[in-house]
Amino acid sequence: MVKAFVFDLDGTIVDTEKAIFQAYKEALKLYDFELTQDVWAQYVGGVGTPTFVCEHVENVTGKKVDLEKTIAYGETVLRELIKKEQPLPGVIELLEEAKCEGIKIALATNSNKKWATTHLTNLHLLDYFDELLTVDQVLRPKPHPEIYVKAVHSLGVAPIEAIAFEDSMIGSKAAVAAGLHTVAIPSTLMKQENFAHTHLQLPSLANTDVKQLTNLFQTAKHKRKIS
């Protein structure tokens, strides 16, 4: 029986990934480097993405990148872009229906607690969550399964009793490794990735019916995939 939902944040609840990419694309123009989605996508969902991308730029251009200056510039651009973001299609409806059905809800994100609580508060979503698990609370971030193991434990359910919602390869692999039913909703930057390791793939959460979703995983004996 499905008793809990565990959501990733960036790219799953709100499309911050696109805004972050645009912000650092602008910042790296300082080094005459045109950041492309395929480069950025290699690190989406992980920790330290700006650092890894700056190292990539150094290797490609031979120029020394001022990491502190680049991050500061990127964050300045990001603050303006992020103000325009709204919850992705179907997110509010799914959270609302899950609450009505008595399903417990947790967040499991590689972002820090300040980032997570700020965005959930601004989007008026914070009260839907019974537990918030952030990168500050684990020793090993995604793709390690630790954060998902802690999330289900905090909700008092077994992994097999929970469904994870993820947009990235890094996050979905963590959820699968932790033993959760895993639904992939590839974000803008992940559309070309292969999510065959997940249990279900959806184009978005729009029109997702909680009862149908939970019934699917309660009765499924084989992996099902919807694209």
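Predicted model: local features only at pLDDT ≥ 70, side-chain atom pairs only at ≥ 80, totals over all residues.
How many salt bridges does the count come to? Eleven.

1. Six strands make up an open sheet. Their order is β3-β2-β1-β4-β5-β6, and the pairing is parallel. The edges are β3 and β6 (200-201), each of which pairs on one side only. Strands pair through backbone hydrogen bonds, either parallel or antiparallel.

2. **Strand β1 and its neighbours.** Four bridges connect β1 with β2, and the two run parallel. Within that pairing, F7 stands opposite L107 of β2. Toward β4 there are four bridges, again with parallel strands. Here F5 has I163 as its bridge partner in β4.

3. Strand β5 (residues 181-184) is joined to β6 by two bridges, and the strands run parallel. A184 has its bridge partner in β6, namely Q201.

4. **Two faces of β1.** In a regular strand, side chains alternate between the two faces of the sheet. In β1, A4 and V6 point one way. F5 and F7 point the other way. Each of these residues is buried.

5. **Salt bridge E166 to K142.** Side chains of opposite charge can pair when their charged atoms come close. The side chains of E166 and K142 do so, with an N to O distance of 2.7 Å. The pair links distant parts of the chain, 24 residues apart. E166 sits in strand β4, while K142 is in the loop between β3 and α7. Both E166 and K142 are buried. D8 joins them: D8, K142 and E166 are linked in a network of salt bridges.

6. **A cis bond beside K142.** The peptide bond between K142 and P143 is cis, with omega about 20°. Most residues other than glycine have a negative phi, and most peptide bonds are trans. P143 is placed in the loop between β3 (131-133) and α7 (146-155). From P143 to A177 the C-alpha to C-alpha distance is 8.7 Å, although the two are 34 residues apart in sequence. A177 belongs to helix α8 (residues 169-177). A177 is exposed, at 53% relative accessible area.

7. **D32: backbone and side chain.** Phi of D32 is positive, about 55°, although D32 is not a glycine. The residue is in the loop between α1 (16-27) and α2 (37-41). D32 is exposed, with a relative accessible area of 66%. Its side chain meets that of K63 in a salt bridge, 3.3 Å from N to O. K63 lies in the loop between α3 (49-61) and α4 (67-82) and D32 in the loop between α1 and α2, so the pair ties together parts 31 residues apart in sequence. K63 is partly exposed, at 36%.

8. **Salt bridge K211 to E101.** The closest N and O atoms of K211 and E101 are 3.9 Å apart. The cut-off for a salt bridge is within 4 Å, so the pair counts as one. K211 is in helix α9 (residues 210-219) and E101 in the loop between α5 and β2, so the pair ties together parts that are 110 residues apart in sequence. K211 counts as partly exposed at 48% relative accessibility. E101 is partly exposed too, with a relative accessible area of 39%.

9. **H124.** H124 is found in the loop between α6 (113-122) and β3. Is H124 buried or exposed? It is exposed, with a relative accessible area of 69%.

Terms used
Residues numbered from 1 in each chain as written. Heavy atoms only, no water. Buried < 20%, exposed > 50% of the residue type's maximum accessible area, 1.4 Å probe, protein only. Pairing = 2+ DSSP bridges.
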